[in-house]
Amino acid sequence: MLALFKKEIHHQLVINAPRALSFPSRLIPFYVQQKGLSLILNQLFSEEIKEGELAFLKGKWLTISIDDLSVRWQVSFTDQLIIKPVDGVSDVSFTANVNDLILIAGRKEDPDTLFFQRRLNIEGDTELGLEVKNLLDNIDFDNLSPFMQRLMAQFSEFVQQGVKSPNRFIPAVE
């Protein structure tokens with residue numbers, strides 16, 4: 001019974017945390033979001049940047065929306081990734097909830113699966129959207145520090161286990 005209770009708490013934490021974090025995430029100044037996101041993305045995609053694999057984003061704008069956190073950014077590429085607030089029209093947009101993005105990043109879910117389950121919404125330039133999705137499929141975490149690799153693996157495992165509904169004991173009605 002205690003194990004079931006722990007699973008239920010884990011489930012509720014993973015399911016409800018984004019709602020609880022929605023308000024505070026909107027209070028983080030864009031400059032801080034931009035610096036953090038730029039640092040992470042430029043490190044994560046450092047090999048792809050060196051090899052010119054992000055050239056498809058030059059002159060294009062990708063909007064990333066995390067619905068349950070109420071945050072949105074536009075991303076493009078010159079010599080490095082550029083992140084700005086959403087202030088114009090995008091060529092393509094990706095919209096998902098934070099837990100689904102964590103599962104994609106941790107390779108616990110495939111973007112195609114989430115797309116067909118309508119948990120990842122892609123709108124706009126289909127060809128550009130496919131290139132971005134393929135980039136997500138091929139993220140190389142070797143560019144991250146061993147600490148960050150372990151953190152991503154553990155966090156995505158925590159979310160994966162938490163999104164599963166615990167088997168609830170339902171007493172028989174007589």
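Analyst: α2 gives eight residues to the lining of the largest pocket, and that is the largest share. The model here is a predicted one.

User: How do you know which residues line the largest pocket?

Analyst: A lining residue has an atom within 4 Å of a point of the pocket. By that test, 49 residues line the largest pocket. Nearest its centre lie Leu37, Ile66, Trp73, Leu101 and Ile102.

User: How much space lies in the largest pocket?

Analyst: About 1,500 Å³.

User: What makes a lining residue nonpolar, polar or charged, and how does the lining of the largest pocket divide?

Analyst: Residue type decides. Leu, Ile and Trp count as nonpolar, Asp, Glu, Lys and Arg as charged, and Gly as polar. The lining of the largest pocket has 42 nonpolar residues, seven polar and no charged.

User: How does the lining of the second largest pocket divide?

Analyst: Into five nonpolar residues, three polar and four charged. The lining includes Asp112, Glu123, Asp125 and Lys133. Asp, Glu and Lys count as charged, so these four belong in the charged group. Val92, Phe115, Phe116, Ile122 and Leu130 are also among the lining residues.

User: Now the loops. Why is Ser70 called partly exposed?

Analyst: Its relative accessibility is 41%. Buried means under 20% and exposed means over 50%. Ser70 falls in between, so it counts as partly exposed. Ser70 sits in the loop between β1 and β2.

User: Is Arg118 buried or exposed, and how do you know?

Analyst: The relative accessible area of Arg118 is 78%. The cut-off for exposed is over 50%. Arg118 passes that cut-off, so it is exposed. Arg118 lies in the loop between α5 and β5.

User: What is the phi of Ser70, and what is that of Arg118?

Analyst: Ser70 has a positive phi of about 55°, although it is not a glycine. Arg118 is not a glycine either, and its phi is positive, at about 60°.

Notes. Residues numbered from 1 in each chain as written. Predicted model: local features only at pLDDT ≥ 70, side-chain atom pairs only at ≥ 80, totals over all residues. Heavy atoms only, no water. 1 Å grid on protein atoms, 1.4 Å probe; cavity = no way out; pocket = protein on both sides within 12 Å on 5 of 7 lines; lining within 4 Å. Points joined across faces, edges and corners; volume = space filled by probe spheres on them. Helix = DSSP H or I, 4+ residues; strand = E, 2+ residues; numbered from the N terminus. Buried < 20%, exposed > 50% of the residue type's maximum accessible area, 1.4 Å probe, protein only.
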